[in-house]
Amino acid sequence: MKRFWGYFLFQSQPDQGLSCRRRVLFWLWNALLLTLAATALGLTSLALAPGQRGWLIFWDYFSHPSLVALNLLPPIALSVLLYGLTGRGWLAYILTALPVVALTLGNYYKLAFRDDPVVAADLLILGEAGQMAGNYQLFLSKKLVAALLLPLLSALLLAMFARGKPRWPTRGIVSTITLVVILSCTPLYTNASVYASNAALEHLTQWSSTQQYLSRGLLYPFLHSVTDALPTPPEGYSVRNAEALLAQYEDAVIPADKKVNVVGVMLEAFADFSQYEQIQFQQDVYALYHDLEAESYSGTLLTNIFAGGTIDTERAFLTGIPSGDYDYRSNASSYAWYLKSQGYHISGDHPANEWFYNRRNVNRYLGFDNYRFSENYYAQFTGGVANDPIFLPELTASILTQLEEDVPLFSFSVSYQGHGPYSGEECWWGEVDDFIANHDLDQESRTILANYFGSLMSTQQELTKMVDAFRASDEPIVLVLFGDHKPWLGNNNAVYNALGIDLSQSDLDSFHDYWATSYLIWANDAAKEQLGTDLVGEGPTISPCFLMNVLFEQLGWEGDAYMQAVESCWKALPVVHVSGSYLTADGTLTRSLPEGSSDLVKHLTWLSYYRSRHFSS
């Protein structure tokens, strides 16, 4: 018996003296060990897929056998394919484990820090992701240690006990068959209907795009997300159809007497928490912002992102495309280009790195004449990133200087102060008790909250100075302020959970709690006089892609052909959300399109897809 197992465990080829049956058993043994190792790798990835949400979701996956199979098939198929190509079981396993483990760990940390899973499009910005990872403190858990040790142990066992090295043409046959299986299974991973029918939502909610992703594991939804990274046209789309819709409208001319200067500022993680009774404020943290709201036209944004992904809100605002997360590589249609066609100068500032989200290049593609970053301006003050006490005064001075030219201005800038994470050990803005009581919370949560609110108060003080400077100007200025997303408040939303803020997205209130920020449109006296309006009142709850529609409507502008073409959609469905949810004009949250709305959404998807790929100045 000892001699028999020696043939199985330590040989690269079966001994010549073995019978045909034992030769077959030899190769089955090697294949079985490799398959078991790849299966264990897939199960490890599946166990870590929900992040720190616990084992309950992992066990839910097994109520959906096809879902488990869709997550396990990729590492099994890849390892067998590589076995055929390399002839080494341990090497095939390692080459499979490296990307699977990297993806699993990256997803685990990204969920912990930003409640956002890794998708295929993230591979396009790996350098930026690596730079941002330095802002967060990595940690190890038992799950993570196991995820690192298990592949090492598996590779070692394969190297010891599965040494079988098949020869050509056997390896070629194995590789060819496996490749055929992979190609034949590809439609399972790209098909939208299959994706919709495979979800373990027993303890997750359909209203959250993150939880929808997690309900399908990791490897399966990641591979499915390739269809988003390399998007296919929406159903029924054709260039001819989209152009026929646009042909019904013409870019409108902005009347000379209504050409006011527009200044947009998107504020990092700026959201109003004064509505939450469970937060025991020690002072009116939002006093200055509420004063500004009282003399503005203001409302609520329901963004597509949470605690990160700034660029989605930013580019949705600039382009009018519902999902703004595009990495443009050439000139792209936007409202900035439209305003440039109307004689406007287009500029902006971001007091952080120009490489982040490739803004240096993309902003030029979107129509900006000039843009100041840390590298070409703000680093002179700080050596790096500038916070609002530097950023907003410098931006204000720049705008007032630009207004001295006899050209109307559209300025759009993005702040950095407020970017998470916020320290849970040291209060950067004074004492924790200066901002909140909430002594029932742990000290780390209280400190995180105090740092967030301290940052907000600092931002509001600088905004007040900006508004006062614009108020004193004889030039007509309209200011648009809005937040890009809710803030990071502890890993796995720890502070939200400690406060009892419902992020389940199971109803309209919790949907707001997860996605809502604020917007306001303010005008100085010169602009009010020129426009003939006070620009005061309560605006609708909208998606960021419709904020320009609201702005233009308040200014009395018709906009370009695209804006006019989507008007009927945003009037009926002011929120078209990435999660597949809609908010109707009467305030109803739904995942089923109201009667008569399907064509509106269909046309919006056609038009936005066309707009993202066809430049028109």
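Helices (H or I, at least four residues) and strands (E, at least two) are DSSP runs, numbered from the N terminus. The model on screen is predicted, so local features need pLDDT of at least 70 and side-chain atom pairs count only at pLDDT 80 or more, while totals for chains, interfaces and linings use all residues. Residues are numbered from 1 along each chain as its sequence is written, and side-chain values use heavy atoms, with hydrogens and water left out.

Select Ser568, which is found in helix α26, residues 567-572. Ser568 is partly exposed, with a relative accessible area of 41%, on a scale where buried means under 20% relative accessible area, exposed over 50% and partly exposed in between, for a 1.4 Å probe and protein chains only.

A search of the whole structure finds 0 disulfides. Cys569 is in no disulfide, and the nearest cysteine sulfur, which belongs to Cys545, is 8.2 Å away. Cys569 is buried, at a relative accessible area of 2%, and Cys185 also counts as buried, at 16% relative accessibility.

**Stop two: helix α13**

Select residues 239-246, which form helix α13, and colour Ala242, Leu245 and Leu246, the buried residues of this helix. Because these residues cover an arc of only 100° around the axis, they lie on the same side of α13; the arc is that of the directions from the helix axis to the C-beta atoms. An α-helix has 3.6 residues a turn, so residues three or four places apart point the same way. To see what the buried residues of α13 pack against, show α25 (561-565) and α27 (598-613), where contact means heavy atoms within 4.5 Å.

**Stop three: Thr44**

Go to helix α2, residues 20-48, and pick out Thr44, which is buried with a relative accessible area of 15%. The side chain of Thr44 reaches the backbone oxygen of Ala40 at 2.8 Å. Such a polar contact is a pair of N or O atoms within 3.5 Å; within protein, one must be able to donate a hydrogen and the other to accept it, and residues adjacent in sequence count only if both atoms are side-chain atoms. Leaving aside neighbours within four places in sequence, Thr44 is in contact with Ala147 and Leu150.

**Stop four: a pocket and a cavity**

Grid points are joined across faces, edges and corners, and a volume is the space filled by probe spheres set on the points.

For the second largest pocket, which holds about 510 Å³ of space, select Pro74, Leu78, Ile182, Tyr189 and Leu223, which lie nearest its centre among the 17 lining residues. Helices α4 (65-86), α5 (89-114), α8 (170-190) and α11 (219-224) each supply at least two residues of this lining.

There are 5 cavities of 30 Å³ or more, and the largest cavity has about 50 Å³ of space. Its lining includes Phe113, Arg114, Phe306, Trp488 and Asn492.

Most residues other than glycine have a negative phi, and most peptide bonds are trans. Asn492, in the loop between β6 (477-483) and α21 (494-499), has a positive phi near 55° and is partly exposed, with a relative accessible area of 24%. Gln505, in the loop between α21 and α22 (508-515), likewise has a positive phi, of about 60°, but counts as buried at 0% relative accessibility.

Finish in the loop between β5 and α20, where Pro421 is placed and where a cis peptide bond, with omega about 0°, joins Gly420 and Pro421. Asn438 lies in the loop between β5 (409-414) and α20 (443-471) and counts as buried at 2% relative accessibility. The side chain of Asn438 reaches the backbone nitrogen of Gln280 at 2.7 Å, and, not counting residues up to four places away in sequence, Asn438 touches Gln278, Ile279, Gln280, Arg446 and Leu499.

Technical notes. A disulfide is a pair of cysteine sulfur atoms within 2.5 Å. On a 1 Å grid over the protein atoms alone, a cavity is a set of points where a 1.4 Å probe fits but cannot get out, and a pocket is an open set with protein on both sides within 12 Å along at least five of seven lines; lining residues have an atom within 4 Å of a point.
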